[in-house]
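Take a look at the sequence and the structure first, and then read on.

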Amino acid sequence: MSDKSYLDWPFLEPRHAALEAALDAWAVQHLAHAPDHAAHDHAGVDAACRQLVRQLGDGGWLRHAVAGTDHGGHCDTIDTRTICLIRETLARHDGLADFAFAMQGLGAGAISLHGTLEQRGRYLPRVAAGAAIAAFALSEPQAGSDVAAMQCAATVDGDHYVLDGEKTWISNGGIADFYVVFARTGEQPGARGISAFIVDADTPGFEIAERIAVIAPHPLARLRFNRCRIPAAQRIGAAGQGFKVAMSTLDVFRTSVAAAALGFARRALDAALAHATQRPMFGQMLSDFQLTQAKLADMATGIDAAALLTYRAAWQRDRGRSVTREAAMAKMTATETAQQVIDAALQMFGGLGVVSGQPVERLYRDIRALRIYEGATEVQQLIIARDLLRAATAPRAATNGPA
Ligand SMILES: Cc1cc2nc3c(=O)[nH]c(=O)nc-3n(C[C@H](O)[C@H](O)[C@H](O)COP(=O)(O)OP(=O)(O)OC[C@H]3O[C@@H](n4cnc5c(N)ncnc54)[C@H](O)[C@@H]3O)c2cc1C
């Protein structure tokens with residue numbers, strides 16, 4: 001049983017603790033026997049993911065992933081703390097369930113935050129009900145960390161745009177009903193010449209170029225656009241504002257990646273505690289050794305430190321504050337800490353820890369990609385440092401200005 005004392009922290013309200021308790025009980029009932037799929041079993045992973053989206057929709061959980069009570073949402077804004085708690089709780093039970101929830105939120109996030117009334121009415125109710133699957137298509141083979149290097153282009157043709165190019169590493173690629181795609185429209189160079197579009201999966205000229213198998217299996221694909229015509233009404237936000245649309249969406253969901261990492265780390269600590277107190281060794285239990293106790297202490301302290309940063313960032317965003325630095329700190333710390341916690345837990349299990357399908361072995365695979373996507377750790381370091389340097393030089397610039 002995980003330590004849930006964090007639910008009393010001042011960043012959270014009683015409604016958050018109530019939601020966590022209800023979701024935990026739901027997850028025990030619905031996610032207890034989640035199978036581990038082989039990386040190349042695309043059909044099995046797709047079916048499991050579709051089923052999880054439906055279950056999460058039926059359970060009412062996806063209503064928290066979209067904004068707007070008129071469009072199926074639980075409330076009119078996205079409550080970042082709720083998103084984080086849901087992801088942490090689902091990740092503690094099942095990595096694929098967390099993935100299914102997160103992608104509905106990330107895939108529909110740009111529509112929730114910047115969509116027109118028509119776009120919101122058309123897509124959000126189905127996302128909230130689990131009747132349509134969403135995806136977020138930003139990365140390209142030559143533009144991952146360096147998003148502004150994107151080449152996928154959208155050219156105006158009457159009242160349409162024509163998309164040409166590729167996207168890769170797209171989660172839900174192959175099963176999504178629609179993709180929020182970012183493409184170069186060229187209003188200005190670099191990041192100021194990108195726009196966001198909603199592309200329905202059945203649009204002529206759109207195809208899945210390749211399915212990608214990864215260590216923690218989930219639907220993932222490379223997408224191809226070949227003279228793919230999109231009505232101009234499918235553009236999200238103003239032309240040339242796509243980079244801002246993408247970054248504001250990531251500001252919400254980056255913090256939730258930290259929360260998912262916390263869920264994985266808490267499950268690893270629970271498993272380590274249970275194992276260490278029951279494993280006889282040299283005439284005592286593994287937990288009786290001070291070397292083990294030092295590891296357990298580091299694991300618990302790391303989790304609390306990461307949780308404090310995570311819920312601080314979520315709380316700050318819910319108060320309408322900028323969270324670029326705080327979200328980056330949370331994501332970097334929680335994902336790196338969770339990796340260390342899970343590795344320490346696996347080590348305590350000895351040979352059992354590397355047996356395929358064992359809980360700690362699954363966690364070891366589940367955590368790895370979180371240190372890379374939605375900005376690798378090095379990118380988070382740059383974001384934090386840039387923000388620090390901007391703050392440090394701003395007053396100096398003012399002082400050095402003309403008298
Ligand atoms: C499982 C998974 C799911 C994903 N889902 C999606 C999705 O749904 N939608 C989407 O758009 N994208 C998705 N991505 C893509 C993800 O966002 C990119 O993989 C990520 O941004 C890194 O880009 P890259 O893979 O091209 O690596 P690169 O940009 O080539 O970076 C490689 C490595 O270089 C290092 N690095 C980066 N920048 C710097 C720097 N400035 N200084 C020093 N080192 C640096 C980092 O360690 C990084 O991991 C997903 C990726 C994975 C693995």
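This is a predicted model: local features need pLDDT of at least 70, side-chain atom pairs count only at pLDDT 80 or more; totals for chains, interfaces and linings use all residues.

**Around the ligand**

Which residues come nearest to the ligand? Of the 19 residues around it, these are F136, S139, S145, W169 and E378.

| Residue | Ligand atom | Distance |
|---|---|---|
| S145 | oxygen | 2.7 Å |
| S171 | nitrogen | 2.9 Å |
| E378 | oxygen | 2.8 Å |

On its own, the ligand has 970 Å² of accessible area, and the protein covers 67% of that. Two or more residues of the shell come from each of these elements: β1 (134–137), β3 (160–171) and α10 (377–399).

**Helix α9**

Now let us turn to α9, which spans residues 359–368. Why is this helix described as largely enclosed by the rest of the structure? The reason is that 7 of its 10 residues are buried, where buried means under 20% relative accessible area. Those buried residues are V360, E361, R362, L363, R365, D366 and I367.

And what do the buried residues of α9 pack against? Their partners are the helices α4 (95–114), α6 (242–276) and α8 (324–348).

Definitions and conventions. Residues are numbered from 1 along each chain as its sequence is written. Side-chain values use heavy atoms; hydrogens and water are left out. A residue is near a molecule or strand if one of its heavy atoms lies within 4 Å of it. A polar contact is a pair of N or O atoms within 3.5 Å; within protein, one must be able to donate a hydrogen and the other to accept it, and residues adjacent in sequence count only if both atoms are side-chain atoms. Accessible areas come from the Shrake-Rupley method with a 1.4 Å probe; for residues, only the protein chains shown count as cover. Helices (H or I, at least four residues) and strands (E, at least two) are DSSP runs, numbered from the N terminus. Buried means under 20% relative accessible area, exposed over 50%, partly exposed in between (1.4 Å probe, protein chains only). Contact means heavy atoms within 4.5 Å.
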